[in-house]
Amino acid sequence: MDPRRVGATSEVGRLRTVVLHRPGAELRRLTPRNNDQLLFDGVPWVARAQEEHDAFAAELTGRGVEVLYLDALLTEVLAEPAAREELVAAAVDDPRLGATLQRAAVSHLSGLAPQDLATTLMAGLAHDELRGGRGLAYQIMGRGDFVVPPLPNLLFTRDSSVWVGDQVAITSLAMPARHRESTITRAVATHHPRFAGTGQLYDASLEHLEGGDVLLLAPGVLAVGVGERTTPGGAERLARRVFARGLAHTVLVVPIAQERATMHLDTIATMVDTDAMVMYPAVADSLVAWTVTVGDELPDDADTVELAVSGPRPFVLAAAEAMGIDRLRVIDTGLDPVTAEREQWDDGNNTLALAPRLTVAYERNTVTNAALEAAGIEVVPIPGSELGSGRGGPRCMSCPVSRDPL
């Protein structure tokens with residue numbers, strides 16, 4: 001198997017390569033004043049978050065998974081003039097700044113070495129850090145305000161891109177605090193030699209679609225959650241494109257509650273085996289899906305593909321049929337409502353499969369993990385007390401670049 005092969009057709013094929021982002025200076029920018037705006041539920045202890053993330057990465061590498069770090073990939077592409085220009089322009093594309101401050105920020109950023117520029121693009125640029133700051137907007141800003149806001153949610157590499165087959169979808173993130181993440185992901189996918197020639201399936205300019213809402217249930221079968229982050233229009237656009245490119249034959253569109261605790265489909269359900277999921281008990285009996293397919297004749301223009309939509313049906317029935325299996329097993333966690341709600345909040349259902357029946361989960365969700373073990377799923381427990389403050393688990397923190405076919 002070529003170690004540099006890219007692509008994934010399932011959630012559970014043996015994981016070969018993954019992109020992670022070790023939390024860094026961007027998390028140190030969080031304060032009680034801005035953490036809500038930046039989508040964190042508290043101010044994490046950064047050193048401990050880094051220790052927890054290092055433990056996560058060590059578990060992956062110890063099982064033969066190649067870990068690519070986003071900051072290193074970004075630093076490497078910033079040696080490319082076209083990538084620098086794109087990312088500097090995106091960083092200052094903000095109506096708060098005004099033309100004078102934008103020019104000053106471009107001058108400052110353009111003079112940074114690749115590693116320093118990478119750090120600044122991720123951690124942000126504060127008012128007092130800008131050399132040669134000027135303009136009305138600059139003078140009115142407070143000392144603690146940001147000319148370029150930080151990106152603490154880069155930790156969750158799953159959301160800004162997702163691989164479907166051998167192509168990558170650069171997603172369209174819904175929350176303003178995360179919009180610029182996709183510009184970084186796109187620059188890496190476009191300019192890094194590791195991904196040279198890779199087809200790009202989606203773009204940040206399109207309808208909102210986030211990677212945490214996309215599950216590769218089986219080869220040719222996708223589930224896309226629609227709710228707080230991904231819109232029905234985004235699901236429809238993705239369906240047309242995967243059909244036109246021969247990457248899938250069925251897309252299941254799954255409505256989920258538009259709430260913080262269930263922001264993505266992968267916060268309530270993740271695959272742990274070729275025919276099994278762990279799922280939040282409160283939705284196991286009520287989750288439904290619309291089945292989206294297409295005829296044999298596809299037009300040249302993906303965006304004019306005529307879709308056939310049927311449903312809704314119970315999700316587990318629609319998924320089993322699309323996957324070509326007798327039934328999709330939902331692992332019964334046996335949780336009482338209070339424990340279920342607690343472990344859902346702590347990302348108990350957000351697991352990262354390393355292979356069939358082998359999955360990474362936060363150690364704190366003891367009841368869910370015990371149920372997984374009882375069902376024959378080996379659990380690799382990792383700490384997550386600080387990492388979880390951004391409401392994301394092991395799957396959220398990982399973007400698989402390469403998995404073995406099933």
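Which residues in H2 meet which residues in H7? I looked this up in a predicted model.

**Entry: the helix pair**

I took H2 as residues 70–77 and H7 as residues 181–191. From H2, I listed Leu70, Leu73, Leu74 and Val77. Their partners in H7 are Ile184, Ala187, Val188 and His191. I then sorted the contact by class: seven residues are nonpolar, one is polar and none is charged.

Next I checked the geometry. The two helix axes come within 9 Å. They cross at roughly 60°. I noted the hand as well: the crossing of H2 and H7 is left-handed.

I moved on to the loop between H7 and strand E7, which spans 200–202.

Is Arg194 buried or exposed? I found a relative accessible area of 12% for Arg194. The cut-off for buried is under 20%, so Arg194 counts as buried. I also looked for a side-chain partner. Arg194 and Glu66 are joined through their side chains by a polar contact of 2.8 Å.

Pro193 came next. Its relative accessibility is 63%. Exposed means over 50%, so Pro193 counts as exposed.

How far apart in space are Pro193 and Glu76, C-alpha to C-alpha? I read 9.4 Å for this pair. In sequence, Pro193 and Glu76 are 117 residues apart.

How values were computed: Residues numbered from 1 in each chain as written. Predicted model: local features only at pLDDT ≥ 70, side-chain atom pairs only at ≥ 80, totals over all residues. Heavy atoms only, no water. Axes fitted to C-alpha atoms, helices over the stretch in contact; angles between N-to-C directions. Helix = DSSP H or I, 4+ residues; strand = E, 2+ residues; numbered from the N terminus. Left-handed = near helix turned anticlockwise from the far one by under 90°. Contact = heavy atoms within 4.5 Å. Nonpolar A, V, L, I, M, F, W, Y, C, P; charged D, E, K, R; others polar. Buried < 20%, exposed > 50% of the residue type's maximum accessible area, 1.4 Å probe, protein only. Polar contact = N/O pair within 3.5 Å; in protein donor to acceptor, adjacent residues only side chain to side chain.
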